[in-house]
Amino acid sequence: IDVLFNYEIIEFNGKPATFATIKDITQQKKAEKELKESEQFLQKSLDSLSSNIAVLDEKGFIIAVNKRWKEFGIKNGLLEKNFCVGINYIQLCENAKGDYAEDGILVAKEIRSLLQGEKEEFHFEYPCHSPLEKRWFIAHFTSFEQNGKPRVIVAHENITERKIAEQKIIEAKEKAEEANRLKSNFLLNMSHELRTPLVGILGFAEILLSELENEDHKNMVETILTSGQRLLETLSLILNLSKVESGREEINLSEFDVNTICLEVANLFTAQATKKNLSLNIDFRYKELFIKSDQRLLRDVLNNLVNNAIKFTNEGGIIISTYITNYNDKNYIAIEVSDTGIGIPEDKIDLIFEEFRQVSEGMNRSFEGTGLGLALTKKVVQLLGGEIKVESKVGFGSKFIVYLPSEYNLHTLTLQNKLLVNQEKHELKNEVFPDKKILAVEDDWVSRKFLEIVLKDYCVVEFANSAVEALEKVKSNFYDAILMDINLGRGQDGITTTQLIRQIPDYKNTPIAAITAFATQQDKEEFLSKGCTHYLSKPYTKIALLKLVDEMLSIQK
């Protein structure tokens, strides 16, 4: 045990005597030992930390520090060199000079609010200058209580390396952006120099192709023309991408029907699809879908998607669909371009939207191209405020979906158009004309097959592959209506054929419909003014075809 002896000389009975007291201080010594060990443990814990730590009392004086704090010093900064226990940290901050004066006043104010219990913590970052380097620190201030008295822990952490790394990233990003701007500006400025020679290459190649008689020479010129067109397509993609990236792409907003744009694009690629024996169909859920956007940019997006669909599809076909959907809690007009092509591996889905990247790359790539089409498509869709998604499975095909912002009320629109569609189907159910006969003048066997399948249960259909065959048939037979393809390939076109048919007495008033890929309003007006009574643009839906035949044959009742 620990004891404390006290000796005192006193006078006892007139004689000096020694008075002694003994006190057991075992618990006191134990408490002092535990306190010392606790302080040592706390000090070792503070010393083990990587930050510079100090503890302030209720008046702002430093009452404890760790080793790192003792080593911590900033010349002419918020803190002074070799500061330690006994220095008033608040006064030190208030007396800061130069660039640190304002920060010092702020820190002093915040520490006082911590000591007064108005808040629990705060922190800030600040740069510190030394003769050799510029360092960055982050200061953390946290309040707590000790024996009922307020205290503040101050921790300064050196974040110089982090700041240097951040600065390097920023500088590298700025250099990359500058290089990209220079690239885009260069390509834009080179547009004239690159396009001008192509005018001569493509123009004269086209003239020679129409005038040469030697088949070998014609094949050579056709190769030049095809190669020149491919070069022009590549150039256009690069220049358009640069235009978008440089921010020079202008958006011209107007209100238009999305279905009309999709139909125009489908008409543009009908011949290309037919050449590969592919079907190209449309599926419009609603008769009209008006949107306020940029017609030209949307048409470019669809052109690229349909072109890709045909390029990567060898069997089956392509469908262009439009509808309204709720995506990310907002209403969008959705435009789908789906195909039955080769599909995209799951791990390559994200890659296809990167510039100059393709699923098939390197010396053994399967398909030609720059790898810019989809990158440009995505940027343009985003420029229009929309998004583009893709669903695909290898060997089964792909579906690209463009989402464009819409103000349509989904419920009202769906209800309204369903009534229209159902009414239309109801009208057609009873409109069967088993005794009526029509003539379909069509030189494309795929289109003839489609007509045959759709109309076989509604009326009698006969076919003519050319203008000559059509004229022979109308002279020897009577038809209640005629479906006239305008572009009949070689020989006489559909308009001339129609005008010749009109000269036959029995066909002066017969309904004749122009079935054509020429899909503008101007084209429609021209055909109706030159002998046709009806008009239907390619590609057309089954319902649209049946409605047309119904209208034409009803006239003959």
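Helix 13 (residues 467-476) lies across strand 15 (437-441), strand 16 and strand 17. Its direction makes an angle of about 135° with strand 16. Such angles run from 0 to 180 degrees between N-to-C directions, with axes fitted as lines to C-alpha atoms, for helices over the stretch in contact. Contact means heavy atoms within 4.5 Å. Helices (H or I, at least four residues) and strands (E, at least two) are DSSP runs, numbered from the N terminus. Helix 16 (residues 542-555) lies across strand 15, strand 17, strand 18 and strand 19, running at about 170° to strand 19.

The model is predicted: local features need pLDDT of at least 70, side-chain atom pairs count only at pLDDT 80 or more, and totals for chains, interfaces and linings use all residues. Residues are numbered from 1 along each chain as its sequence is written, and side-chain values use heavy atoms, with hydrogens and water left out.

Five strands form an open, parallel sheet in the order 16-15-17-18-19. Two strands pair if DSSP finds at least two bridges between them. Strand 16 (460-464) and strand 19 (534-537) stand at the edges; each has a single partner strand, so one side of each lacks a neighbour in the sheet. On average, neighbouring strands of this sheet are turned by 20° against each other, direction ignored. Strand 17 (residues 481-485) and strand 18 (residues 512-516) run parallel and are joined by four bridges. Ile-482 stands opposite Ile-512 of strand 18.

The chain contains four aromatic pairs. Rings of Phe, Tyr and Trp (its six-membered ring) pair if their centres lie within 6.5 Å; planes under 30 degrees apart count as stacked, over 60 as edge-to-face and the rest as tilted. One of the pairs, Tyr-332 with Tyr-403, is edge-to-face, at 6.2 Å centre to centre and 85° between the planes. Tyr-332 belongs to strand 12 (residues 330-339) and Tyr-403 to strand 14 (residues 397-405), 71 residues apart. Both Tyr-332 and Tyr-403 are buried. Buried means under 20% relative accessible area, exposed over 50%, partly exposed in between (1.4 Å probe, protein chains only). Phe-527 and Tyr-535 are stacked, with 6.4 Å between centres and 25° between planes. Phe-527 is buried at 5% relative accessible area, and Tyr-535 is buried at 18%.

Charges also meet rings. The charged end of Lys-393 sits over the ring of Phe-396, 4.8 Å from its centre. That of Lys-437 sits over the ring of Tyr-479, at 5.3 Å. The rule requires NZ of Lys or CZ of Arg within 6 Å of the ring centre and within 35 degrees of the ring normal.
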